[in-house]
Amino acid sequence: MSIDTLHGWAALKAREPLVLSELPLKTFDDDDVEMDITHCGICGSDVHVVNGDWGPTDFPCVTGHEIVGVCTKVGKNVKHTKVGDRLGVGAECYSCGKCEECKKGKENICQGTTLVTIFGKYPNGEKVYGGFADKWRGNQKFAIKIPDGMSSEIASTFLCAGITTYAPLVNHRVTKGSKLGVLGLGGLGHYAVLWGKALGAEVVALSSSDKKRDDAKALGCDDYVDTSNKEELERHKNSFTHIIATYLSSNFDWGFYFQLMKTNSTFIIVGIPDGPINGIPAMILTNKQVRIVGSAIGPPRMIEEMLQFAHKNNVKPWITKYPMKNINEAFDDFRAGKPRYRFVMEN
């Protein structure tokens with residue numbers, strides 16, 4: 001094997017088993033780091049890209065964007081990392097560094113050239129490959145040091161699911177005295193519960209059935225509401241300062257959920273619906289002054305902050321580990337809805 005190649009579990013065609021393949025790493029430059037991957041979490045977007053759900057996929061592709069490994073090489077401009085450090089890489093691996101947002105340290109909303117870790121091409125035309133592999137190479141800015149004392153398998157899922165939920169809760173000031181509704185108790189939702197409790201909020205799980213009630217209690221929820229039971233929802237009317245939505249259905253009842261919210265409250269969308277958002281009742285929206293906001297992962301500085309916060313507050317996701325060689329089994333289990341609540345591949 002060449003020092004400039006990786007062995008990765010590649011999708012060669014849509015919805016077919018992943019195949020262990022030798023593929024080229026990007027050209028190493030002075031701002032790059034390289035690592036041997038030890039762990040990588042599975043996220044829904046990995047499966048969507050492999051399935052071709054989001055439009056044509058540029059095969060072969062290697063997904064995986066909750067990557068943790070051990071640094072093996074650093075470029076001459078790299079100052080914050082040394083060989084032997086544990087590093088983590090999330091959903092973003094490159095930004096332009098020149099636009100207004102990048103200059104403000106908000107690389108996650110870069111308005112120039114930005115790359116997600118699981119597909120796309122660098123400005124020089126080289127392909128991006130993700131973390132279901134033995135090696136990763138890329139820009140130092142997006143490789144975050146893992147705190148000492150935090151296990152690598154726990155650290156991995158913070159890097160997408162964790163930051164996707166942590167960033168908006170912090171940015172929109174969820175704190176002691178807040179009442180947070182978590183809509184959808186899945187991979188993202190279970191993280192939102194953990195963050196909400198760690199931030200001091202009252203947390204209520206809002207789920208589409210009764211089957212996760214025990215899980216919600218074990219995660220620390222103060223209450224659990226089956227959203228198909230309107231009577232259960234009624235007791236929370238006019239009480240939520242924040243709701244974070246990890247999914248939105250095509251027939252989402254905006255008016256009903258707005259009635260659950262206090263005036264000047266915030267409705268946060270982190271689960272992207274398949275189509276346009278429709279049916280928002282303008283009268284109740286304006287009369288209650290509800291803010292509807294979206295959120296996209298988080299910048300490197302906030303990922304570092306999140307990891308330190310999680311370590312200090314003993315925030316630990318629920319994970320199931322699989323050997324990397326069993327990735328096809330893990331993908332099948334993921335598609336079958338089995339995660340409780342994150343899957344992590346281990347080399």
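Analyst: Happy to! Two strands count as paired here if DSSP finds at least two bridges between them. With that in hand, this predicted model shows an open sheet of 6 strands in the order S12-S11-S10-S13-S14-S15, with parallel pairing. At the edges lie strand S12 (223–226) and strand S15 (291–294), each of which pairs on one side only. Ignoring direction, neighbouring strands of this sheet are turned by 20° against each other on average.

Let's step inside the sheet. Strand S13 (residues 240–245) and strand S14 (residues 261–269) run parallel and are joined by 5 bridges. If you want a pair of residues to look at, Ile-243 stands opposite Phe-267 in S14.

Now for the helices. Helix H3 (residues 152–171) packs on the sheet, where it touches strand S10 (179–183), S13 and S14. The direction of H3 makes about 155° with that of S13. Helix H4 (residues 187–198) packs on the sheet as well, touching S10, strand S11 (202–207) and S13. For H4, the angle is given against S10, and the two directions make about 170°.

Note on methods:
Residues numbered from 1 in each chain as written. Predicted model: local features only at pLDDT ≥ 70, side-chain atom pairs only at ≥ 80, totals over all residues. Heavy atoms only, no water. Helix = DSSP H or I, 4+ residues; strand = E, 2+ residues; numbered from the N terminus. Axes fitted to C-alpha atoms, helices over the stretch in contact; angles between N-to-C directions. Contact = heavy atoms within 4.5 Å.
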